[in-house]
Amino acid sequence: MKKILIFLFIPFACLGQTLEEAKEFEKSITAEDLKKHLTIFASDEMEGRETGKKGQKLAAEYFTNQYLEMGIPVIDIASGYKQPYELIERKNEGIKIKVNEKEFGYFDGFYSHTGMRDGTLFFDNLVFAGYGIEESLEKKVELKEKAVFILDGIPKKKEESVREKKLDKKIEFFEKEKASVLFIISEDFKAYKNSLGKYATHSKMMLAKDYRENQIPVFVISTEMFEEVFSGQLKYKKEKKNADKNSEKYPIQKKGELTIIANGNIEKLEGDNVIAYIEGTDKKEEIIVISAHYDHLGKKDGVIYNGADDDGSGSVALIEIAEAFSKAINEKGLRPRRSIMIVGFSGEEKGLLGSKYFVNSPQFQFERCMVNLNIDMIGRIDKAHEGNPNYVYLIGVDKVSKELKEISEEINKSNTKLELDYTYNSDDDPNRYYYRSDHYNFAKYNIPVIFYFNGVHEDYHKPTDTVDKINFEKMEKITRLVFLTAWQLANKEERLKIDLKEKDGDN
């Protein structure tokens with residue numbers, strides 16, 4: 001269906017709005033209103049807002065109703081404020097592996113790395129290929145339609161830093177050779193299971209456009225399962241030692257029976273980003289994106305994960321920011337020079353999926369976007385700031401544009417007066433927060449970003465992340481800072497100077 005865009009006639013009488021004019025509308029952002037919205041948004045009725053599920057749809061409707069009430073025009077007559085996108089959900093609990101006469105359930109000796117379509121695969125010839133590095137393998141064994149087992153990582157003599165790249169290359173190689181399934185043997189399997197617990201069995205999602213029906217299924221298995229599969233013909237420690245020394249020629253083939261059964265493993269879903277578009281005036285072709293993810297973990301075993309801080313706090317901040325811009329337009333005719341896109345992303349908890357879809361969609365063009373201001377958790381106080389709620393972590397603020405940091409600091413200094421903490425902005429931050437929220441899908445294309453964050457706390461990703469623990473006065477200050485920063489950026493004469501090129505990295 002052809003999409004029809006609706007634009008308003010915009011008078012050019014009010015250009016070059018100042019920050020002083022914004023302060024009148026900044027006052028509409030209040031702790032009381034934030035609490036009113038969040039009490040509904042993070043209620044049990046929303047069922048944890050899991051992407052593609054009932055709760056996420058209800059939350060999207062809440063956004064829609066607020067924007068309609070503000071009088072913000074829709075940009076797409078077919079879908080309103082929503083930007084739907086297709087998803088594939090892999091329900092890994094539906095996979096079982098039968099070895100000889102012994103059956104393994106999901107995470108009882110294996111877990112899925114890439115997923116598997118529904119069906120049954122049977123093998124009676126099993127191949128062990130050492131570390132599975134293409135250049136070290138001989139072509140003496142046919143790999144087509146075989147179950148192949150390889151060691152995790154790389155030989156000791158190789159650089160450890162290339163480990164992840166080598167894994168991608170391994171999978172690519174065995175897929176090219178038309179192997180039917182790939183098993184990666186991990187010494188760390190038990191530690192991984194203990195660290196993730198029940199979360200490891202939760203379903204995984206991907207964008208439908210990234211799902212390939214013919215993708216090779218890849219599983220990670222324990223060393224014990226490896227030895228069970230080969231019925232004592234191969235021992236893990238011995239084979240690892242041989243592979244490290246390159247004293248064995250691989251691949252080698254052994255007899256054994258293995259059956260993989262996947263039932264109800266793949267489901268098609270639809271997620272929604274929600275977009276409020278405020279058209280600018282003389283610089284309307286340039287866009288400021290203000291974002292937060294509104295999805296959370298949903299409902300597990302009957303327990304609702306309300307996600308009040310993560311990221312109900314950022315989500316309702318978007319509503320208040322949209323209202324402040326709307327009031328400026330409707331009450332004083334003060335429309336921003338650049339256009340504003342206020343975007344609630346779903347799919348963040350599933351791997352930044354909503355923002356990934358958004359930045360590659362027709363509704364977004366990289367060259368038009370000047371900056372992304374992303375809000376993810378601003379309602380709590382972490383241990384590093386106990387007794388001092390007057391702070392916010394800023395991440396990514398100077399990685400693409402140093403000028404952005406200067407503007408941010410000046411606005412805060414003259415207005416909100418928060419402590420701007422750059423602890424997690426460090427390039428060697430072990431938490432890697434820069435790569436873990438939706439702003440990263442902008443930053444990797446050299447679009448300047450600011451990620452507003454309060455740090456983690458004891459209720460992070462737990463059902464105890466509830467509204468009663470939110471500091472709404474803190475939320476008010478940070479939300480006002482984001483609004484004032486967006487106002488200044490939307491009305492400045494020149495675009496931000498880009499002086500640091502950020503290379504693509506890991507999500």
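A: In this predicted model, strands β11 (residues 266–278) and β15 (residues 338–345) run antiparallel and are joined by five bridges. Across this pair, I278 stands opposite I340 of β15. Strands of a sheet pair through backbone hydrogen bonds, and the pairing may be parallel or antiparallel.

Both strands belong to an open sheet of nine strands, in which the pairing is mixed. Read across the sheet, the order is β8-β1-β11-β15-β12-β16-β19-β17-β18. The edges are formed by β8 (204–207) and β18 (419–421); each has a single partner strand, so one side of each is left without a neighbour in the sheet. From one strand to the next, the twist averages 30°.

A helix also packs on this sheet: α8, residues 308–332. Helix α8 touches β11 and β15, and also β12 (283–293) and β16 (369–375). The direction of α8 makes about 150° with that of β12.

Elsewhere in the chain, helices pack on each other. The axes of α2 (residues 31–41) and α3 (residues 54–70) come within 11 Å and cross at roughly 150°. On the α2 side the contact involves H37, I40 and F41, which meet A59, Y62, F63 and Q66 in α3. By class, this contact has five nonpolar residues, two polar ones and no charged ones.

As for confidence, the protein chain averages a pLDDT of 90, and 91% of the residues score at least 70. Over residues 160–164, however, pLDDT stays under 50, and the model has four contacts beyond four places in sequence for them. Residues 502–507 also stay under 50, with 21 such contacts in the model.

Methods
Residues are numbered from 1 along each chain as its sequence is written. This is a predicted model: local features need pLDDT of at least 70, side-chain atom pairs count only at pLDDT 80 or more; totals for chains, interfaces and linings use all residues. Side-chain values use heavy atoms; hydrogens and water are left out. Two strands pair if DSSP finds at least two bridges between them. Helices (H or I, at least four residues) and strands (E, at least two) are DSSP runs, numbered from the N terminus. Axes are lines fitted to C-alpha atoms, for helices over the stretch in contact, and angles run from 0 to 180 degrees between N-to-C directions. Contact means heavy atoms within 4.5 Å. Ala, Val, Leu, Ile, Met, Phe, Trp, Tyr, Cys and Pro count as nonpolar, Asp, Glu, Lys and Arg as charged, and the others, Gly among them, as polar. pLDDT is the predictor's confidence in each residue, from 0 to 100.
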